[in-house]
Every structure is written in C-alpha cells, then in structure tokens.
Amino acid sequence: MSRFFATGSDSESEESSSADELTPKAPGGNFKQSLLISDDEEDTKRVVRSAKDKRFEELTNLIKTIRNAMKIRDMAKCLEEFEQLCRAFLKSKTIVDKEGVPAFYIRLLADLEDYLNQLWEDKEGKKKMNKNNAKALSTLRQKIRKYNRDYETEVAAYKENPQESADEEEEKEAGGSGSSSDSEGEAGEDGVSAKAFLKKKPEAAPEASKFLKTAGVRGHPLRDDDDDDDDEDWGSDTVDSGSESSDEGEGKSSLAVVFLKKTQEGEKSGEKRVSKKKKPKKKERLEEEAEEEGGEEVEGGWEKVKGGAPMVKEKPKMFAKGTEINVPVVVKKLNEILQARGKKGTDRAAQIELLHSLATIAGENNLGQGILVKIKFNIIASLYDYNPNLAAFMKPDMWKKCLDCIDELLDILFEHNNIFIGENIAEDNESLAISDQPFRVRGCILTLVERMDEEFTKIMQNTDPHSQEYVDNLKDEGHVCGIIDRLLDYMETKGSTEEICRIYLRRIMHTYYKFDYKAHRRSLGLQGETKSEQDQEESEGEDSAVIMDRLCKFIYAKDRTDRIRTCAILCHIYHHALHSRWYQARDLMLMSHLQDNIQHADPPVQILYNRTMVQLGICAFRQGMIKDAHNALLDIQSSGRAKELLGQGLLMRNMQERNAEQEKIEKRRQVPFHMHINLELLECVYLVSAMLLEIPYMAAHEFDARRRMISKQFHHQLRVGERQPLLGPPESMREHVVAASKAMKMGDWRTCHSFIINEKMNSKVWDLFPETQRVREMLVRKIQEESLRTYLFTYSSVYDSISMGTLSEMFELEIPTVHSIISKMIINEELMASLDQPTQTVVMHRTEPTSLQNMALQLAEKLGSLVENNERVFDLKQGVYGGYFNRDQKGGYQQNKSYNRDQKGGYQQNKGGYNRGGYRNQNHQSNY
C-alpha cells in the first residue's frame, strides 16, 4: 500500500504510526510528488504523531470533558467519563512506565477528589440534587478514593505545592516548542506534554504568505480565541491555506512550509504568549465595567450564583410604562406575584418587597381601601411564610414588619366601616373597586393575629432567658396585647360569637399568669407614694380580676367548643389561686369536674391543668390549708417529672425514650421562661406540707404494722439524710427540711423553726411570695401546733398528768389553742387522756398494751391472713367438691370468721388510742 494512503488518522495503531514517520527527501523529488497528490494528503503527512502524543491527547480530551461536567455539577457525566479515563490510562501503561505519570493527570485526580469532598460536605446542595446525580456522587467518591491510593505520593506532592507543578508543566511546554530541528514525531517524544502539543497551531510563514493570499481571509491564522476547544483544531488553518493556493505556487508553498518549520513554531509560541496576556486583560476590563455600573450585570461576564445549578427565576416586573393602573390590573399583578409563593427557589424577601411596592402603587393611584386591605393580608401571610420550617422563629426585622403591618391593617379597618372581611367570602364575590357598595375582601384578621401570638411565643421559647435579648423581646408583649385589645374591640362589633370567644381566650392567656400588684396594693389600703404613681394607677384601668371574670363568663355562656371553655376555666382558677382567692378557685375546680376527663385533652391543655393544680396547691399552703396543699401537689411531685409535666423543660433522653421528631414537638409545647413556676419553691412547699403531716402521723403509729406513708418523696429524703455518715450544717433546701423534721420528731419546735425560716430559706423560697410576712407567721404557727401534737404522741407515756399552762409556755401558744388541740386529739381517739377543767391539766390513762401484747396481736393478724391464703390455694387446686369444707360449710365458716375479725377489729379500734400511747414509745426511746 502506498505510504500516502496509510498515513495517519487518529485511530491508527502505535506500530503503524511510528513506522510511517516521514523521512527527509530531496527537494526535487518532493516537488514532483507534490504535483501528483492532492492538498489533503500533503496536510495529512504533516499530522503524523507519536504514540505518546496520541495517548496523551486522548487523556486530555477526557479530562476536559470531566472538568466541564464538574462546572455544571453533572455527576453522572463525571462518573461515565472517569471510567473511560481509567480505561484509556490503562492502555497508555507502556508509555506511562517509560515517561512517568503526566502532571495533568495527577492534577485532575487531586482536583476531582477535593471537589467531591466539598460536594459531599454540602448537605443543602446534596438535597437539591436529583436521584441520579446523588447516586453518581456517592459511587464516584468511593472510586476516586480507592483509585488515588495508588498515587498518594504524587497527589500529596501536588497538593503541597500546586503552583510548582504548574510551573514545571509550563517549562516542559516551553522546552517542547523550542526543539524545532527534529520532525514533529521526534519533537513529541523529546518531552512535549499533551497540553503543549494540543495548543500547537502550525501557521504559514511570512515568506509563504505571498503565495497564499486568500488563505489569510478564510483561515484566520492569527486570531485570538479564548476557548480551549478552538485550540484543538490546530491543523485547520494550514488545510485552508493549502486548498486555496494556485497551481503555480503549490510546490513552493509546501516547500516553504517544510523548510520554515522553526519560524512557524516560533511564531506559534509568540502567539500563545500574546493570547495568555490578553486573557487577564479581558477579565480586568469586565471587572472594571462591573464596578462602573455599580454591580449591574455585564453582558458576557460571569454572574455569581448561589450553590447548586442556577435557577432562572424572572422577577415579576411592575407595570410597563403607559399602562393604565386600575383594580383588575393590580389584582392580576398580585396573583402573578403570589403564583411564586411556596415554590422552590423563590426569593421570599424579594416577594415581600414586590408586595410592598404594589401596595404603594395602589395607594398612589387611589384605588380604594379594598385592594389595599387585600394586599396587606398577603404581605402578612408572606411574612409568616418567610421561614419555611415550622419550628423556626421570625427574625427581629421580620417581626417588627409583621407588627407594623397588622397595626396598619387594623387602622384601615377602624377608619373605614364599609369594609367587610371574612373567610366565607369567595374570591369571585370580592368587591375591591370603589363603588356605592361596601368593600368585600376575603381574609381573616383573627387568624393572622393568632398566628402572630404563636410567633411571639416561639420567639420567647428560642431566646436565651438569661440574656438582655429576652428582656428586649419581652417588651414586645405590650404591643402584642395592644393589638389583641384592638382586635377584641373590632370583633365585639363585627365578629361572630365563635370569633369573639377565640379572641377572648387570647386575651385571657396573656393575663392569667400575671400578678396584679395594683389590685394587691388597693386591697391592703396602700396608696401610691407619689402623684405620678397615682396617675399611673388611675390610667391603668380596671383590675385584672374584673377583666378575667368578664371574659371567662362570656366564654362559659357562649362557647360551643370544649377546648376553649376548658382553657378559660383553668386560666380563671389559676388567676384566683395566684391572688390567694382559695375558696373561689377550689369551688370552680370542683364544679367543673375537669379532673375526671382531663386525660383525654391535648398535651397543651394538660400542661395548663398541671400548672393550675400546682398554683392551687401553693395558694392552699399560703392560706394554711396544709392537707389541701399536699393533696394538690402530690401527683406532680410524686412523679419525679415536675419539670416536664409543667412544660418547663425536657428530661434527659436516657430517662425516657423519644426520637428527634418527638423531641422537637415537645420543645414547641414548652412554656416561655417568664411564665415558669419556681420548681424549688414548689418542692419546698410540698416537703414542708409533708413534714407537717407526716411527722405527727409517724409518732402516732410508730409500732403499727399497717402504717402507711403519706408522702414517699418525703420518706426518701429522710432516708437519704439518715444514710449520711457525717452530718454537717444543712446547705440545700432539702437538707433544711430534713433537719427540721428531725427536730420536730423530738418536739423541739424552736430548732425546727430555725431550720425552716432563716436567711437562706427566705432568699430561696419565702421571699418569693407576695405576702411574705404573713406566710412566715402562718408557718411558725403550724410548726408550733404540730410539734405539740408530736410531743404528746411521743412522751405521753412518761406523764401521769401535764398542765396545759406548761404546754402553753413550752410551745408559746395560747391556753385556748392548747385546749383546742388536746380536745381534738381526745375526741379522735388519738390520745387516751381526759381533761381536768378546774386544774387545767391533762390526765393520762394507763390502758395501753405492752410491747409484748402488741407483738402478739401482730402475730395473730399475720397467722389469720396466712390461713386464708392457704385455704384459697387449696380450693384452686382441689376444686370446691374435694375440699375439706363444702361450699355452704366454707361460706358459713368464712362468715363466722369475718364476724370474729370484725369483733377483733373493733377491739383493736377501741384500743387504738392506747396503741398510740407512750408505753411502746418508752421502749423506743431507749433505742435513741
């Protein structure tokens, strides 16, 4: 086959390419042959390349495709091209072993790995990927990590100094372009990189240009092109120039090209430097233009986009110049803006700005208040939608905008009585244009205000309660309450009964937990110290109790939903209890029967119920109703989860299994910090109440086998205190109560009083009550009375008689009070004694059984229960017919037995007072 037909296409094998290299011929012969063959074949002869150049060109093309795919985040394309690149590199193994791994290949591996790691860490970007790209990203990341293990050294060297690697490659380029004495194939094998090889553009020399005048027009030999893709077509200019030459100049031009190869390569390298210099100039020019235009888009420049593929969203343009602005046009534009609401990639802030500008245009053109109200509704709804996540709270600037917009909307509604709004108005039936008919707008202002109230709660929940920011946010509550009051006035005139009940409940929820100091001062008969305070008191309006009573009674009468009425009742009880109106609060709780079915209510209502019960218990304690206080607080405190039950925080996750979603839901139910009930005060009230009940009971039933616990938590604290090997002075609130309990057991009321009421306990607990001094006096009185009862239970066995005057002096109580306490104990058969009225003494009766008799009675009870259990088990095993007794005999026997037990129980009951005497306690004292 002729060598001209065998010369080189890109698909030739390595052997044929290297074998067909051109050898220099004599000038004459070459000229003759050039007359015999076509121009295309001449050009083909000059494109013959070595195996190294062919393989490196293939690798470079694949790398270029991968980099393009990286720019547009096409992971599927990246994966496909990377697999082809690995196969092509495997084919080039013989050349790579001889020449070494090319620098451009190492650079791609390093850049691709960094790029994939960056994408992998971008969680938001991964969510936006489609399924194919996400799967390809995961696969490609695993492959590149595994593949790069074979090139760890080279990749690490490149990452340490990427600039040096790039400089070395440029040096190789320069070296390759300078070696011009050899043929093209030899020059490629002497160290020219693939990148340098691809950028070569053989061009006609100046001497040859006079033979090729038309080639300069069609081929553009000296053009500047920024695209790397154009650099690949490095032979096109020469082909055009050869095809356009005349018959006379064909031989000369080809000879000139052959002999002037060095000049051609020199011009090529010079052109490359010029183009490299021109690129940064173009970029600088674009940057300068961008700065001059103040950040506007430059045609042909780069536009900075956010992560992910740029989403083309055209902003709805406002009205074109010359458009007549009327209500239908504005409504159409409003609907156009709202169509983008909720769509992915919508700029919510820009949407709010567009709505504001639309409202401004409507106001400037006097289109009426109807369209303005409709736009305001949509602005407020867009502000609520600014945070797509339900758990996220509004930013301060958006919150201020929201309050201002609602105020403006209420101003419009109050000023114009001819505007009717409602959710039942269909959009087709809206009347927005100015006419004789009143405006009709679809929307619900109550729903917007309720959402505003919820957003305020979320803001308070997500703010650090110990920071100044919380205080600043809390100041907005006055504004929120003002908006609710204004809407309340509006609804009373234009709202339905159901809507009035809803807004009343919102007002109640902002009132029920606040203590009314103004009303408290009035009840105590205190006046303001200065005239300004008096003026302030007069301007504050009616008491909160009057407001609560009016709002709650309206809901009781008119509400049809159980939830609103339940919440109103609980808030009313809470408010009564907070202001020490114990009997009203107790009666309302008992009449409502809420405790019977509160377990079926939703969690926020249950939290409100728990808060109300706790406040009720604290109120009873302040009023001296110790037993009622203990009963009200028992359920909350005995659970050990008071913090969670009151909505004031979550327990540790290991204590209760809950997933992340449940935890988020429970966090949204938490009560803001300014509404919290002090948990330490709550626990102290409960423990002190338990102490005042439990210590006398323990003294009265010391040896009773059937003694029950009144408070398990109190007993637990006592056991903890007894286990301590070294008892020091009490520090915590619990230690104070335990120390006071031990003192009360001995009948030492002064020591008990010093542990319960002191500076530390005052600062932690008692000073937090509004009527601090009255609570302290009540506590001292209760400690004295219960200590007297405990003393009589414990030491009555050592007395034959004791004077009430002596007891009065010991416990600093009036004689009538002592007489009353002892009389109650005797009537209730707690104390076996009698009163001698003339001598004012208590005469003890020595009729209690001895300790041996007590033990014998306990043994008899246990044996009786054992016999019963044995008979029951025997009947279950043998059946009724096989037992020792038949059914009638057994029934009669058991009936007689129960009669005997009743007699025995009556006997024990008659002797109950003696069991509580001091004979056993005397033995017990010997154990101290």
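Student: What is the handedness of the crossing of α5 and α6?

Tutor: This is a predicted model, and in it the crossing of α5 and α6 is left-handed.

Student: What makes α5 roughly antiparallel to α6?

Tutor: Helix α5 (residues 51-71) and helix α6 (residues 75-91) pack at an angle of about 165°. Angles over 145 degrees count as roughly antiparallel, and therefore α5 is called roughly antiparallel to α6. The axes of α5 and α6 are 9 Å apart.

Student: Why are both an angle and a distance given?

Tutor: Two packed helices are described by the angle between their axes and the distance between the axes.

Student: Which residues bring α5 and α6 together?

Tutor: From α5 they include Leu62, Thr65 and Ile66. From α6 they include Glu81, Phe82 and Leu85. The residues of this contact between α5 and α6 divide into 11 nonpolar, two polar and five charged.

Student: Why is Glu81 called buried?

Tutor: Glu81 has a relative accessible area of 6%. Buried means under 20%, so Glu81 is counted as buried. Glu81 lies in helix α6. Leaving out residues up to four places away in sequence, Glu81 touches Leu62, Thr65 and Ile66. Leu62, Thr65 and Ile66 are among the α5 residues that meet α6.

Student: How do you know that Glu731 is exposed?

Tutor: The relative accessibility of Glu731 is 56%. Exposed means over 50%, and therefore Glu731 counts as exposed. Glu731 is found in the loop between α40 (712-723) and α41 (733-745). Apart from its neighbours within four places in sequence, Glu731 is in contact with His736, Lys760 and Lys764.

Student: How far apart are Glu731 and Met761 in sequence and in space?

Tutor: Glu731 and Met761 are 30 residues apart in sequence, and their C-alpha atoms are 9.7 Å apart in space.

Student: What makes α22 roughly antiparallel to α23?

Tutor: Helix α22 (residues 348-364) and helix α23 (residues 369-384) pack at an angle of about 165°, with their axes 10 Å apart. The limit is again over 145 degrees, so α22 is roughly antiparallel to α23. The crossing of α22 past α23 is left-handed. Among the residues in contact are Ile352, Leu355 and His356 of α22, and Ile375, Asn378 and Ile379 of α23. By class, the contact of α22 with α23 has 10 nonpolar, three polar and no charged residues.

Student: How do you know that β1 and β2 pair?

Tutor: Four bridges join strand β1 (residues 419-422) to β2, and the two run parallel. Pairing requires at least two bridges, and therefore the four bridges between β1 and β2 are enough. Within this pair, Ile421 stands opposite Val441 in β2.

Student: Which residues form the covered face of β2, and which the uncovered one?

Tutor: In strand β2 (residues 439-442), the covered face holds Phe439 and Val441, and the uncovered face holds Arg440 and Arg442. In a regular strand the side chains alternate between the two faces of the sheet.

Student: What makes β3 and β4 edge strands?

Tutor: The strands of an open sheet of three have the order β3-β5-β4, with antiparallel pairing. Each of β3 and β4 pairs on one side only, and these are the edge strands. The twist averages 20° from one strand to the next.

Student: How many bridges join each of these pairs?

Tutor: Strand β3 (residues 801-803) is joined to strand β5 (residues 841-844) by three bridges. Strand β4 (residues 833-836) pairs with β5 over four bridges. Val843 in β5 is the bridge partner of Ser801 and also of Ser834.

Student: What lies between β4 and β5 in their hairpin?

Tutor: Four residues lie between β4 and β5, and Gln840 in the turn has a positive phi of about 55°.

Student: Which helices lie against these strands?

Tutor: Helix α45 (residues 804-811) packs on the sheet and touches β3, β4 and β5, its direction making about 60° with that of β3. Helix α46 (residues 815-827) lies across β4 and β5, at about 145° to β4.

Student: How many helices and strands does the chain contain?

Tutor: The chain has 50 helices and five strands. Of its 928 residues, 41% are buried.

Key
Residues numbered from 1 in each chain as written. Predicted model: local features only at pLDDT ≥ 70, side-chain atom pairs only at ≥ 80, totals over all residues. Heavy atoms only, no water. Axes fitted to C-alpha atoms, helices over the stretch in contact; angles between N-to-C directions. Parallel < 35°, antiparallel > 145°, perpendicular 65-115°, else oblique. Left-handed = near helix turned anticlockwise from the far one by under 90°. Contact = heavy atoms within 4.5 Å. Nonpolar A, V, L, I, M, F, W, Y, C, P; charged D, E, K, R; others polar. Buried < 20%, exposed > 50% of the residue type's maximum accessible area, 1.4 Å probe, protein only.
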